[in-house]
Amino acid sequence: MDDVDVLVVGAGPAGSTAAERLARHGHDVLVLEEHPRVGTPVQCAGLVSQRVLDLAGSTGFVRTPVRGATVYGPGLGSVAFKAATPRAFVIDRAGLDVHLADRAARSGARFRTAVRFDGLVERVGGRTTVRATSADGEPVEVRARLVIGADGVSSAVARAFRLRRPVEILPAFEAEFPVSPGDPEQVEVYLGRRISPGLFGWWIPDGAGGARVGVAVDADGTSARAYFDRLLAQIARRLGAPLANPTAYLVSGIPIGEVPRTYTDGAALVGDAAAQVKPLSGGGIFTGMRCAEILAEVADPALRRGDVSAGALAEYERRWRAELGEEFRRALHLRRVVARLSDADLDAIVAALRGAELTATIVAFGDIDFPTHVARRLLRQSPALVRLLPKALGAWWSSADYRAPELDPGPRRK
Ligand SMILES: Cc1cc2nc3c(=O)[nH]c(=O)nc-3n(C[C@H](O)[C@H](O)[C@H](O)COP(=O)(O)OP(=O)(O)OC[C@H]3O[C@@H](n4cnc5c(N)ncnc54)[C@H](O)[C@@H]3O)c2cc1C
């Protein structure tokens, strides 16, 4: 049986970042990954900020820079923002995951691929024994002082340690198109209740003449695939011709809404497993990697002291919430308000944003990791925009004191 300081479950961006940071400090780290190859299958559109490149310490996986976005309302009225310099990057997502795993391995972390974490055996004397299964059906047992659940949206580690799951999991559907017209430095966002209730449809250039096109939607019983087909119809309407020959499809889920607790005795969750995802976009690479870094900063001294109890790990949650919690709460609230708007309201908002001053604000202050900052500026700047939103949001949003509103948790979804 492997007996290690730290067991990381999941070799995505969050898991490999945590593994690298802890191995670098001399801890014995083992990473279990259920798929035979790190980074595959890809379940992501791969749009990230400069912060991800900084955290990864590389640009080797960047496909193309992005300088702005064009947002289409349900009636196909649009508003475009374009900055002089890159504001985001489209990446080879599998390339990022492989780079991060290689970096962790160079720091001393060991990886076992094609091994699936199944659950707990026992926790005795400050050590947890877990059971896993290799691809050929062999049982595997690992004992660890700290277990890190970086195993994504359906986290088996969260279930094993009885940590609560996020309130909503948005079904998502995406396809890649080898040839797709559009500005290769501009992403496209499609709004509308018929296309993507609760979030938006996206068209993201892939840096090679094609695009990644997808939707994530409020789970209302209609499949994400059905919404995706409507998005394709909307794009075809705009272009006057359909996108053809999709090469790859992906179906996945995006966790939205904070989980009440991301740690317990001898274990912590990070990344999608902890729902550390931006509620307005569903993006979670930056937030997951940053939280993994914070987790390693807290776990390193805790492991040295020989105390990875819930009391010692509480600092992890305090720190990541201090850094990202307010943005998450604001974004969650805004998302829920926007999700209730009609198509006519969405068209009116797109038209209002077309004003030169508001467009300039978005170009100057838009930040895909902290979108509520620019949203707040826009609402302060434009009474017309505030009038378009429900009263509750206008009053709450424009008040100087920030107090998290009571959130309606919405229906629980799996
Ligand atoms: C359609 C779609 C598009 C997206 N686009 C973007 C985007 O453009 N930008 C962005 O920032 N984010 C995007 N996201 C979100 C982003 O993909 C996630 O937030 C990110 O991958 C989370 O990283 P992670 O390391 O927490 O988890 P993951 O990347 O999900 O990694 C978890 C790993 O754990 C492994 N695993 C799972 N269960 C087990 C088990 N029991 N045993 C062993 N291993 C296990 C998995 O195989 C996987 O490798 C998108 C998500 C979707 C669904």
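Student: Which backbone has a polar atom 3.2 Å from an oxygen atom of the ligand?
Tutor: That of Pro13, in this predicted model.

Student: And which side chains have a polar atom 2.9 Å from a ligand oxygen?
Tutor: His35 has a polar side-chain atom 2.9 Å from an oxygen atom of the ligand. For Arg93, a side-chain N or O atom is also 2.9 Å from a ligand oxygen.

Student: Switching to helices. How do H6 and H7 pack?
Tutor: H6 covers residues 285–305 and H7 residues 310–339; their axes come within 8 Å and cross at roughly 160°. Angles over 145 degrees count as roughly antiparallel, so H6 and H7 are roughly antiparallel to each other.

Student: Left-handed or right-handed crossing?
Tutor: H6 passes H7 in a right-handed crossing. Residues making the contact include Phe286, Ile294 and Val298 of H6, and Tyr316, Trp320 and Phe328 of H7.

Student: What classes do the residues of that contact fall into?
Tutor: Twelve nonpolar, one polar and six charged for H6 with H7.

Student: What about H9 and H10, how far apart are the axes?
Tutor: The axes of H9 (residues 356–365) and H10 (residues 371–381) are 10 Å apart, at an angle of about 160°. H9 and H10 are therefore roughly antiparallel, and H9 passes H10 in a right-handed crossing.

Student: Which residues meet there?
Tutor: From H9, Glu357, Leu358, Thr361, Ile362 and Phe365; from H10, Val374, Arg377, Leu378 and Gln381. By class, the contact of H9 with H10 has five nonpolar, two polar and two charged residues.

How values were computed:
Residues are numbered from 1 along each chain as its sequence is written. This is a predicted model: local features need pLDDT of at least 70, side-chain atom pairs count only at pLDDT 80 or more; totals for chains, interfaces and linings use all residues. Side-chain values use heavy atoms; hydrogens and water are left out. Axes are lines fitted to C-alpha atoms, for helices over the stretch in contact, and angles run from 0 to 180 degrees between N-to-C directions. Helices (H or I, at least four residues) and strands (E, at least two) are DSSP runs, numbered from the N terminus. Angles under 35 degrees count as roughly parallel, over 145 as roughly antiparallel, 65 to 115 as roughly perpendicular and the rest as oblique. A crossing is left-handed if the near helix is turned anticlockwise from the far one by less than a right angle, and right-handed if clockwise. Contact means heavy atoms within 4.5 Å. Ala, Val, Leu, Ile, Met, Phe, Trp, Tyr, Cys and Pro count as nonpolar, Asp, Glu, Lys and Arg as charged, and the others, Gly among them, as polar. A polar contact is a pair of N or O atoms within 3.5 Å; within protein, one must be able to donate a hydrogen and the other to accept it, and residues adjacent in sequence count only if both atoms are side-chain atoms.
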